[in-house]
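Here is a friendly briefing to read alongside the model. Please keep the viewer open as you go through the points.

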Amino acid sequence: MNAISLFVIIIVNIFLTSCSPNGKIPPKAIKGVLDLRDWDFEKNGVINLDGEWEFYWKELPVGDELALPEDKKNYINVPSSWNGQIIKRTTSGGEPFEEILGSEGYATYRLRVLLKDEIDLGLRVPDEATSYELYVNGEILKKYGVVAPSRENSIPGRSIEYIHINKANHELEVVIPISNFHIDQSGLLRSVILGGIDSIYKLRTTNLSRELFISGILFIMGMYHFALFFLRREDNSPLFFGIYCTIVFFRTLIKGELYLNTLFPTLSFANSFKIENLTIYPGLPIFFEFVKILFPLEMNKYIRIILNFLCLIISITVLLFPPLYFTKILTFFHLIILFSIIFVIYTLIKAIKQKREGASTFLFGIILYALTAINDLLYSRIIINTGFYAPVGLVAFIFAQSYLLSSRFSKAFSDTKEAMRMAEEQRQLVETAKEEIERLGRTKDEFLANLSHEIKTPLVSIYGYSELITMEEDLPESIKEYGSEIYSSAGRLNSYMDDVLLVTDLETNLQIDKKPTLLSTLIKNPIYQLESLMKEREIVLHISDISNFKVLCDGVLIERALNNILKNAIVYNKTKGTVKVEVIQTNDKLEINISDTGIGILPEYSDKIFDKFFRIDSSLSYEVSGVGLGLFLAKKILELHGGSISVRSELGQGSEFVIEI
Ligand code: ADP
């Protein structure tokens, strides 16, 4: 059994608890007499005193006998409003005529009930309109409000009364004088219920517990949706739904057993009536807003605006005018409710057609709610005699809603799980690709190292023989020039090969041999090697006093690193530029700054230039030969010594390489 069917069973049970448990068709009063001699209160339960009651228009009972004029007797169907009923009357001259009754006035109802046994009985008298007195066998048992023939003297009241009748005779004479000058429906609007005293009080307990149970659900659901909204502000729908639940929560308390009136006995008739109506009309726009957020494309904007406007007008009318006035246009109010129900159902059917998520569950809930709301409409218009059930319908709707919400959550949860699984798959793919790239990188490095090795042997021969050619005096000048060209190219190629081989050595964790060495010695060799280049480019070199500084290092490698940096400072410098070497001692570290007045480096490349094979794509880079290994090697060497290298530079403003060792 799924959650929905379980819920439907609970709701049906709640409905049934309020129905008469007997299987016997209850008799109706005929011509002012209700024959209950066949009715067993213990077996058949309580009974509504419905049917034809005697009705005395503009007559109140006189004296202890509660005398009523026989010639003024009419019959009226109970429950109903006397408003609009046609009664027979006679003029003072004895002429009979028919009168259509209006809502304002007073009258007396009388019913004789024939009983089988003399037992203790109870009566349940709902909020009849609008003030009444209740006499049973000549004894006054209840007064509600003040019954009077004029508006000035009559005081309306609202309550549900449970009345004890001590050891009833075989016959009960029930006399109820009523006056109404305050709403548009008058008289015995709701069934008076007769039953065994225990059954009548049980009815009260059942009704109250059902209403409090439902209002508890509505209250908690309201709070729950508020909490949902405060936790996830980007979705407004729980906020509107929470407000709507809270409004209907109040409605549950003010309808049915009129629990709010019991809690606040001083609540006036007019205010209680106004609050009751204000739990419908301001609630509708809030409900529309909720549906609109869920199905924005399906809800017709113009109809919604018109209905919202009408609800606003009705709410203001209810607030400003006394119940007598606004109850006169109750039919119009009820049409708005009916139209609103049709409008929401129409919107949902459109949403289902568009295959919107959750629309059919929503419609299922709404239909349950709509049925109970229509029941309430018909009940309040005294067309059917069931009771108020819209809050029960709303609870059904809320459960459908919660089911929707939970299925959305669980879907989101499984979506997240699926997304996590896919992310894990992607991560593994990336991991495999990374390993493959690293493997290919290693293969490439090995290949380069092998190639360099193989090239180096013939290259040394080319290098040596080309030098011999340049030195051979007997050879023609042109051959010597070619020889010198081959010599310098082979030299460059040789140094690239050395760089490639050193990269492989450094990456396979070359063992370094550290010795304390004078910095001046370390810098002397590179300067000597670069002297001709400096001359060629007319570069001026400034070196600060470095004679006292000693470094614990592998001299060959550090010389190589300094050579690469100094060479760059010369080749990427302008002709007649300057190169400065400055050294600062900080604690146990030396900071060597090598600055130039050359082309400079864009800030976005300040890290990349230390990458393997990276060369800045500029016209000058094309002129300067190189493979992008110089700075990479310098950085690797310094890192092997626990040092570092960084650059400060701006385009066109020269560069300053800062070495820490
Ligand atoms: P190579 O000089 O062989 O191209 P390097 O690793 O030594 O490779 O340098 C990488 C890149 O950094 C060079 O191509 C160059 O564009 C830039 N660069 C290095 N030193 C300087 C400098 N002192 N001034 C301007 N640009 C430089």
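Which residues do ring pairs link into a cluster? They are Phe241, Tyr244, Phe287, Phe290, Phe295, Phe362, Tyr369 and Phe397. This is a predicted model, where local features need pLDDT of at least 70 and side-chain atom pairs count only at pLDDT 80 or more, while totals for chains, interfaces and linings use all residues. Residues are numbered from 1 along each chain as its sequence is written, and side-chain values use heavy atoms, with hydrogens and water left out.

**Aromatic rings**

- Rings of Phe, Tyr and Trp (its six-membered ring) pair if their centres lie within 6.5 Å, with planes under 30 degrees apart counted as stacked, over 60 as edge-to-face and the rest as tilted.
- The count by this rule is 29 aromatic pairs; one of them is the edge-to-face pair of Phe362 and Phe397, at 5.2 Å centre to centre and 75° between the planes.
- This pair links distant parts of the chain, 35 residues apart: Phe362 lies in helix 11 (residues 359–380) and Phe397 in helix 12 (residues 390–471). Helices here are DSSP runs of H or I with at least four residues, strands are runs of E with at least two, and both are numbered from the N terminus.
- Phe362 is buried at 1% relative accessibility, and Phe397 is buried at 0% (buried means under 20% relative accessible area, exposed over 50%, partly exposed in between, with a 1.4 Å probe and protein chains only).

**Domain 1 against domain 2**

- The chain is divided into domain 1 (27–191), domain 2 (203–384) and domain 3 (515–660), with bounds from an automatic or database domain assignment.
- The area buried between domain 1 and domain 2 is about 1700 Å², and carbon and sulfur atoms give 61% of it. Such area is the accessible area (1.4 Å probe) that two parts lose on being put together, summed over both.
- Arg158, Tyr162 and Arg190 supply 40% of what domain 1 buries against domain 2, more than any other three residues.

**Salt bridges**

- A salt bridge is a side-chain nitrogen of Lys or Arg within 4 Å of a carboxyl oxygen of Asp or Glu; the whole structure has 35 of them, and three lie between domain 1 and domain 2.
- Glu276 and Arg158 meet in a salt bridge at 2.7 Å, N to O, and both residues are buried.
- Arg37 bridges to Asp35 at 2.8 Å between the closest N and O atoms; Arg37 is partly exposed at 45%, as is Asp35 at 36%.
- A network of salt bridges links Glu54, Glu70, Lys73, Arg110 and Glu173.
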